[in-house]
Amino acid sequence: MKAGAKQPPFVPTPNCFFPPVFPQEITWRRRCPHMTAWTMEGEINEGSVPLYYREVHQAVSSRTDERVQIEVFHRLLNRSNLSIKQQNQITDHIDHGNGFLSKVSFYKALALIALAQQGKQPSPKLLENCIQEFPKPQLGEPKDLQNLRMQPVQENPLLLSLTLTNLLGKDTIKVELIPEKKGLFLKHVEYQVTSQRFKISVYRRYSDFDVFHELLLQRYAYRMVPALPPKRVLKGVLASVSEREFIEGRRRGLGRFLNLVARHPFFSEDELVKTFLTFNGSDVQTKLRDAFKKMGDEFMTCRYATQAKEYLPADIQSCFSVSRELIRNIHNSFQKLRDRAERMAERSKENATDLLMFGKEISALGSDASPVPVLDSSKSTWGDLRHSLCGLSAEFSLLAEKAAEQGRREEDDVVEKLNLFLDLLQSYRDLCERHEKGVLHEHQKALQKYSVMKRQMMSATVQPKEQVSVEQLESRIVQQENAIQTMELRNYFSLFCLHQESQLIFTYLPITSHILGAFVSSQVQGHREMGQVWNNLHAKLSGLFTGNNGLQSPPLTPK
């Protein structure tokens with residue numbers, strides 16, 4: 001970067017990690033014109049740095065991180081009364097990668113500030129003469145600099161700071177069908193599950209998926225757990241869907257389920273998920289059940305479970321209702337888009353079949369060896385034309401192949417992405433129903449039961465009964481009060497999770513652009529490839545029907 005050019009501000013990410021700089025040894029480094037790193041210039045002890053340097057550093061750095069944020073350093077520079085040009089030169093001469101200055105870089109910056117205040121041009125060469133003596137910058141009392149320090153912002157655990165790229169980058173799961181000698185029947189179908197994140201392949205049966213799904217629902221009852229595809233062909237479906245097609249559809253559904261689970265911000269780090277994706281032992285179901293017994297449900301393990309109410313907005317019920325209605329409308333619209341995309345993919349496949357049959361009929365017509373009768377004095381051209389038609393079937397076969405590829409692209413790139421998002425949307429609707437029929441319903445039942453017990457207690461005080469029965473009733477009331485308190489906490493935690501899951505849905509919404517991009521790309525590629533074959537066929541036909549009642553041999557079939 002040239003001198004005088006202003007370094008653009010860097011926004012640090014919360015996941016950035018930097019190794020600590022130990023104070024025992026501090027190294028001054030000289031910047032070479034052709035390098036961005038600093039080569040070793042000399043070593044000094046922490047004690048040789050002036051006390052003022054250490055006091056200023058302590059004033060502007062945080063208690064948990066000895067680095068200094070670049071924004072804090074810019075505020076400090078503004079107190080130096082140096083020109084903007086000089087400030088920019090000093091910023092250019094120090095290392096502030098990822099938006100932070102290390103302690104060494106900060107000390108060097110203080111020395112450059114002091115030299116600039118003495119009227120010298122700030123540059124790394126000036127520091128070569130400062131190994132033994134560091135000039136003191138005029139920045140005021142260290143205690144007055146503490147207000148420059150940026151206080152760490154306390155994160156709200158209710159809010160999810162995620163992007164679609166973050167989610168999609170967590171993992172990619174492939175589920176492949178294991179071919180068996182006995183054939184593809186519903187009896188013993190096995191799947192190979194490969195995780196890109198863990199770089200391992202494991203083998204699973206549908207029953208393994210079933211147990212995993214059941215435990216995941218128990219562990220995360222207040223989260224979006226996608227549904228599994230059906231285990232068997234539903235009644236009335238077998239007539240229109242072959243067994244092989246059903247198994248392929250189920251394989252796709254299992255793949256979508258695992259990808260949504262592996263990319264969920266809370267599921268992805270859970271022991272259940274890691275076990276299912278990596279355990280290569282003989283009994284994964286027992287391993288999963290043992291893992292769940294050690295953990296329990298999310299309410300028992302989440303640090304915010306009993307404090308959820310404190311983080312919820314005052315209008316949480318209104319927010320929930322608005323989000324639920326909007327997501328319901330989005331779900332309905334995406335279902336219609338998926339249905340249309342499926343029809344288009346099916347039409348492409350049907351078009352492939354029709355083109356192939358059309359070519360075969362043309363070939364059959366040209367292969368007819370029946371003698372041609374002489375009906376007039378001129379020589380009949382049908383015999384030669386009929387012979388030429390045989391060469392056209394290859395083009396129609398190629399067109400059929402391109403149309404079939406188009407259908408597969410539409411199915412794999414468009415319909416499958418739509419189904420993935422629809423599975424997520426459906427899991428949100430299922431979660432809303434669980435919240436209303438589960439937590440809220442149980443809470444209301446507990447309150448009703450508590451009301452009955454209180455009435456019984458009042459009746460017992462008016463009409464004297466045995467002391468034992470009264471004490472038992474009091475004990476039951478205390479137990480019921482504790483149960484109600486726990487249910488209230490779970491209710492708030494359920495709302496807490498619902499709010500986060502609503503955010504997750506909106507984080508996934510930009511997948512719409514991915515789907516549209518895949519749809520347009522598939523159409524462009526399909527039309528371009530088929531257009532080339534049609535153009536070649538058009539040129540071939542132009543040569544076929546030229547001449548004075550004569551025929552030319554058709555050109556070679558395009559490759």
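**Notes on the model**

1. Let's begin at the surface, where Glu-245, Glu-346, Glu-350 and Asp-354 gather in a patch of negative charge. Please keep in mind that this is a predicted model. Helix H12 (residues 316-367) supplies the largest share of the negative patch, with 3 residues.

2. Glu-245 has its place in helix H7 (residues 243-262). Is Glu-245 buried or partly exposed? Its relative accessible area is 48%, so Glu-245 counts as partly exposed, the range between the 20% limit for buried and the 50% limit for exposed.

3. Next, the inside. The largest nonpolar core has 32 residues, and those touching the most other members are Val-193, Phe-209, Phe-212, Leu-216, Leu-258, Leu-272 and Leu-277. Two or more residues of this core come from each of strand E5 (173-178), strand E6 (190-195), helix H6 (206-219), H7, helix H8 (271-278) and helix H9 (284-295). Which element gives the most to this core? That is H7, with 7 residues. As general background, nonpolar side chains tend to be buried together in soluble globular proteins.

4. Finally, a look at Asn-88, found in helix H3 (residues 84-92). With a relative accessible area of 13%, Asn-88 is buried, because buried means under 20%. Asn-88 and His-74 are 14 residues apart in sequence, and their C-alpha atoms are 9.5 Å apart in space.

Conventions:
Residues are numbered from 1 along each chain as its sequence is written. This is a predicted model: local features need pLDDT of at least 70, side-chain atom pairs count only at pLDDT 80 or more; totals for chains, interfaces and linings use all residues. Side-chain values use heavy atoms; hydrogens and water are left out. Patches are made of residues with over 30% relative accessible area and no salt bridge: like charges are joined within 9 Å, nonpolar side chains (Val, Leu, Ile, Met, Phe, Trp, Tyr) within 5 Å. Accessible areas come from the Shrake-Rupley method with a 1.4 Å probe; for residues, only the protein chains shown count as cover. A salt bridge is a side-chain nitrogen of Lys or Arg within 4 Å of a carboxyl oxygen of Asp or Glu. Lys and Arg count as positive and Asp and Glu as negative; His and the chain ends are not counted. The place of a charge is taken as NZ of Lys, CZ of Arg, CG of Asp or CD of Glu. Helices (H or I, at least four residues) and strands (E, at least two) are DSSP runs, numbered from the N terminus. Buried means under 20% relative accessible area, exposed over 50%, partly exposed in between (1.4 Å probe, protein chains only). A nonpolar core is a set of buried Ala, Val, Leu, Ile, Met, Phe, Trp, Tyr and Cys residues joined through side-chain atoms within 4.5 Å.
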